[in-house]
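Have the structure open and follow along.

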Amino acid sequence: MSLLPVGVLGTGRYAPEKVLTNHDLEQMVETNDEWIVTRTGIRERRIASDQEASSDLAFHASEIALKNAGITAEDLDLIIVATITPDNFFPSTACTLQTKLNARKAAAFDLSAACSGFIYGLANASNFVASGIYKYVLVVGAECLSKITDYTDRNTCILFGDGAGAVVIGQVPEGRGFKSFVLGADGSGGELLHLAGGGSRCPSTLDTVTEGKHYIYMAGREVFKFAVRIMGGAAEEALSKAGLDKSDIDLLIPHQANRRIIESAMERLDLPEEKCMINLHKYGNVSAASIPIALAEAVEEGRVREGDCLVLVGFGGGLTWGASVIIW
Ligand code: UT7
């Protein structure tokens, strides 16, 4: 079976209106703007309202992606939502989104790979289209991390934000589109970044809530070391699988977790700052939404031209990682 060339047909993003600045956080925990900026690069993040859930953010981002792709929701064959903050355990956020979009013929499922989820989603979508099974797949990264963040824990609350990014995946001209994917996991590091309560291991009770087990736990320094090790390596592996070299990169779109982690990847890849998309100062870490938001913003800013070589790379809870090379 010959495979069809597959790529991104349209991008979209959405961030809730409410802004939470470092100065706001100074009023909430023992921290300060200078520490947050120098240790992470983050200045502010967006926070969903009490009425907003991940599918609402996903809906706005998807509408823009569909418009930019020049198709309607009714054309969609499949919706994949990468998220660690689904509206509910079930039904999936992808099913909720399908109804909101009125994407009647689309199959729908959620994908759980934390901050690497969007790249895992792209790899899935690419296979469905390349094999001819589906024509159009919507891949969304959507998160309301504020809903699982403990705003008394300065180790985590300064990092996370809410938002969504979406892309429509379909056939592209020969020579364009996805050139490689690298996906990886190391479940032995799962404890480093997890949410303990509410699952079948530790169902929610008054005690689990009192103990704060419905909030993100993160061993920041260990995750930092893992991230520095994995980011550059995954990007290099994806380039090599595509038959390309780090000197071919026109734009790196990394997971936006910490500016120092991104800088270490830039150093390993010998990339000047103008070849790297960084927007974490505005949104913080939005897990699965961070790469598609950065991609959509790069497209809007005219930083992506036809024929450009893009490298997307992410890492996160699981532990997981993923990278992809795209010729735009
Ligand atoms: O999307 C996936 C995942 N997550 C990540 O990628 C996060 C990876 N990790 C990180 O980005 C960094 O580890 C953090 C930003 C979370 C922390 O930065 P760090 O440079 O690793 O700081 P640290 O945890 O080693 O803490 C250094 C000091 C400590 O004080 P002492 O023990 O040296 O006196 C902390 O108590 O900074 C203190 N500290 C803070 N001070 C002010 C920790 N958090 C804060 C804070 N404000 N918010």
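## The second largest pocket: secondary structure

Strand S8 gives the largest share, four residues. Please keep in mind that this is a predicted model.

## The second largest pocket: size and residues

This pocket has a volume of about 230 Å³. Its lining is made up of 14 residues, and the closest to the pocket centre are Leu3, Leu4, Ser126, Ala130 and Phe178. By residue type, the lining divides into seven nonpolar, four polar and three charged.

Which domains contribute to this lining? Domain 1 (6-175) and domain 2 (178-327) each provide at least three of the lining residues.

Searching the whole structure turns up one cavity of 30 Å³ or more, and the volume of the largest cavity is about 30 Å³.

Around the largest cavity you will find Gln256, Asn279, Leu280, Tyr283, Gly284, Val286, Ser290 and Ile293. Two helices each supply at least two residues of this lining, namely helix H10 (280-283) and helix H11 (290-300). How does the cavity lining divide between nonpolar, polar and charged residues? Four are nonpolar and four are polar, with no charged residues.

How values were computed
Residues are numbered from 1 along each chain as its sequence is written. This is a predicted model: local features need pLDDT of at least 70, side-chain atom pairs count only at pLDDT 80 or more; totals for chains, interfaces and linings use all residues. Side-chain values use heavy atoms; hydrogens and water are left out. On a 1 Å grid over the protein atoms alone, a cavity is a set of points where a 1.4 Å probe fits but cannot get out, and a pocket is an open set with protein on both sides within 12 Å along at least five of seven lines; lining residues have an atom within 4 Å of a point. Grid points are joined across faces, edges and corners, and a volume is the space filled by probe spheres set on the points. Ala, Val, Leu, Ile, Met, Phe, Trp, Tyr, Cys and Pro count as nonpolar, Asp, Glu, Lys and Arg as charged, and the others, Gly among them, as polar. Domain bounds come from an automatic or database domain assignment.
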